[in-house]
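Work through the exercises below with the sequence and the model side by side, trying each task before reading its solution.

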Amino acid sequence: MRITLVILKMRLRKVMTMSQEYAVQGLSCASCAHAVEVALQAVTGVKSAQVNLATEKVSLETEGSVSPLDLQAAVQAAGYDLVLPQVTQNFALTGMSCASCAANIESAVSSLPEVSAASVNLATEVLSVTYQPGAINEEIICQTVAEAGYQAQVLADQAGASQAQIQQEADQAAQAKASHQAALWRRFWLSAIFALPLLCLAMAEMVGLTLPTWLSHRGGGQLFVSLQLALTLPILWLGRSFFLNGFKHLVKGHPNMDSLVALGTSAAVAYSLYSSIQVWLGDHHAAMSLYYESAGVILTLVTLGKYFEARSKGQTSAAIQALIKLAPQEAQVLREGQEVTLPLDQVQVGDLVRVRPGQKIPVDGRVVEGQSWVDESMLTGESLPVAKKVGDQVVGASLNQQGSLIVETNKVGQDTTLAQIIHLVQAAQGSKAPIAQLADRVSAVFVPVVMTLALVAGLAWYLIGGQSWAFALTISIAVLVIACPCALGLATPTAIMVGTGKGAEQGILIKSGTALEMAHQVDAVVLDKTGTLTQGQPQVTDVLPLTGWTPDQLLALAAAAEVNSEHPLGQAIVAGARERELALPEVTDFQSLTGSGIQVRVDQATYYLGNRRLMQEQGLDLGQAEDQAAALAAGGKTPIYVANEHELLGLIAVADPLKETSPEAVRRLKAMGLQVIMLTGDNAKTAQALAAEAGIDQVISDVLPADKAQVVADLQAKGLKVAMVGDGINDAPALAQADVGLAIGRGTDVAIESADMVLMGSDLTSVATAIKLSQATIRNIKENLFWAFAYNVLGIPVAMGVLHLFGGPLLNPMLAGAAMSFSSVSVIVNALRLRRFKA
């Protein structure tokens, strides 16, 4: 029995033991590492702590639950800093009505000490929170939102969601939006049934119509006011959410647009009730001081405005909905010689999937049988179909046009290209651009300022202007209901949503609002040569031996040396030797000489392959090869020198032809007034020849891979805003250094990860399209912000009676309510114009 207990305790301890790793800042020597280890081992629950000074990380073994904050505090007490990992979680929000609501939620969540960033997108009604896991959790964040007067629900991580999960969540969201729109429309037309007769009854005699004496105020007024009250009460009930939400947030100290509507209409109804009581008590003149119709019509029109706003906001996400619907729901899978139809979620990596003509390819994979033409335009934006044969990769959601294919699945669920695209677009649509900062600051104080202006204006007209209390109340109501913080809050996110969605339609994935904004400021575009300007598939064009070697012997030696190389030029040499079916000698002691070439040993002799710099470093006489290399370079070919320890053996020329669209892409960029610069490691003559063919005037050649980022930094030091376009691993630092990095989607994962935008196709004209889209989106945002600010800056003074001071008209509260309702709709409609964008 005792032995059993011991074993159970040992197993329990093993289960309870956890491994953790954190980065540590401030380490300079072994003593520092030891100090951190001692400090952490003193924390209750820490079993062991080991610091790796080289990586500046500490590995911990802990028992039970140990707070990351306790670990951080212990390290800080020792004089160093423990970097806690952070996660970003999205929450669906309900209960918001305007930009002030968004500002209130951001303020409440940001006040949590463990939260490093909180951002609310009013258009998508999504809260994005970056925080330290373990310090707080989703429940605390949801509770904080609830305390601010709203509701938050954790959204599934789109990066880790399968296609079916994304589809299910999108369908649920679409259904919820449709239900919300239907409820608003029902509330509007029911309110309108009562508002129209109410308006006719109240305004008839003011517009020259005559009411029967028994119905009008001339007949005593009791029936006149009673009917208006009876017609108003159903509208108040239908619009009760304005009062429930508005006064709730007012009491909490975070008033929003609903608070403004609730205050204005409540004041109108309260004053009208007072006047009604006077009429019922015998004061018939009080019947002329009713504002029931103002309250009823304002609530009806604001409801209509909210309906149009909800409907327009739904259209801004049309692009992402189209992407989600691209993928087929089923796949024809070959299992044990039989073809079975399976839901997409049940397809596994390694499964063989049959795709017939006219069907969409359900998964990412490799063609193992058949050939066909595949339409990838829905993902890449390129209109021409792509030929696919055995060994080629295909992308899920693309359309198989002609032949039948059997595809071996290599990516499913969250790992597919389509799922990653959807995740990137959703992340971009949820992000904020720096241009939105001013609107955010204004929104945070907008409602309290408007409430103050309404009170001041009403009192000023009553106390200083000598007007009646009814006149002053009309002024205050008009100010309260004309103000619209929604227009400010929707100006930026709606344009970003439509802009990023339009980019996705054209094969341009924009990762953030910041990238979208920065692209419109670009002055210079730096283009990497290999794989970006060129096809990235170089071929051997010339083999020129200089000694007693034959061309085949020289090419075989070079191919043997390059057989394990990942460099495109090396792979071209190997492919050239295989085409000639040459036997390759055995190579030993392979060494890569970064930026110069390679060194190998064959049959106890040392050989060098590389550029002119490598030959000079070996002290070799180039002789007549200089002229031959110059001639090859002038033709746009890259000369590769082959030598042994004693002499130059010959030259091999490799050429990488331009993409057909590269000259047109360069022409478009130059037509936009941008500097176009080609960046390459090739020698100057080869680079100049290729640049001339592409129409590029500025060339930076002989650049080592490690120096590309420095070239970009040098251009930035001259005051230029630089966009860098590349596709390779060695382009990643330059892509990260640039103000905007654009990666070719068929390039390496490292390049794509480092970039701000991803061009899904290989067509370089997408660079000009991306910049033009950025310019159009930012122009649209500026238009939205201008009209949002102009509306409030001009509308509020008019509502305060400024025009009336100079003999002008007084703004009717009902017109003020109508203007407010449609101001936010106008902003969204303007953003939707981006859907007509054409490069």
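A residue is called buried under 20% relative accessible area, exposed over 50%, and partly exposed in between (1.4 Å probe, protein chains only). The model is a predicted one, in which local features need pLDDT of at least 70 and side-chain atom pairs count only at pLDDT 80 or more, while totals for chains, interfaces and linings use all residues. Residues are numbered from 1 along each chain as its sequence is written, and side-chain values use heavy atoms, with hydrogens and water left out.

**Exercise 1.** Find where the partners of the salt bridge between aspartate 697 and lysine 670 lie, and classify the exposure of each.

*Solution.* Begin with the contact: a salt bridge requires a side-chain nitrogen of Lys or Arg within 4 Å of a carboxyl oxygen of Asp or Glu, and the side chains of aspartate 697 and lysine 670 meet at 3.0 Å, N to O. This pair links distant parts of the chain, 27 residues apart, with aspartate 697 in the loop between helix 24 (684–694) and strand 27 (698–700) and lysine 670 in helix 23 (residues 662–671); helices (H or I, at least four residues) and strands (E, at least two) are DSSP runs, numbered from the N terminus. Finally, aspartate 697 counts as exposed because its relative accessibility is 61%, whereas lysine 670, at 37%, counts as partly exposed.

**Exercise 2.** Determine how glutamate 505 and lysine 502 are placed in their helix, and whether each is buried or partly exposed.

*Solution.* Both residues lie in helix 16 (residues 485–505), three residues apart, which is about one turn of the helix. Lysine 502 is buried, since its relative accessibility is 14%, while glutamate 505 is partly exposed at 44%.
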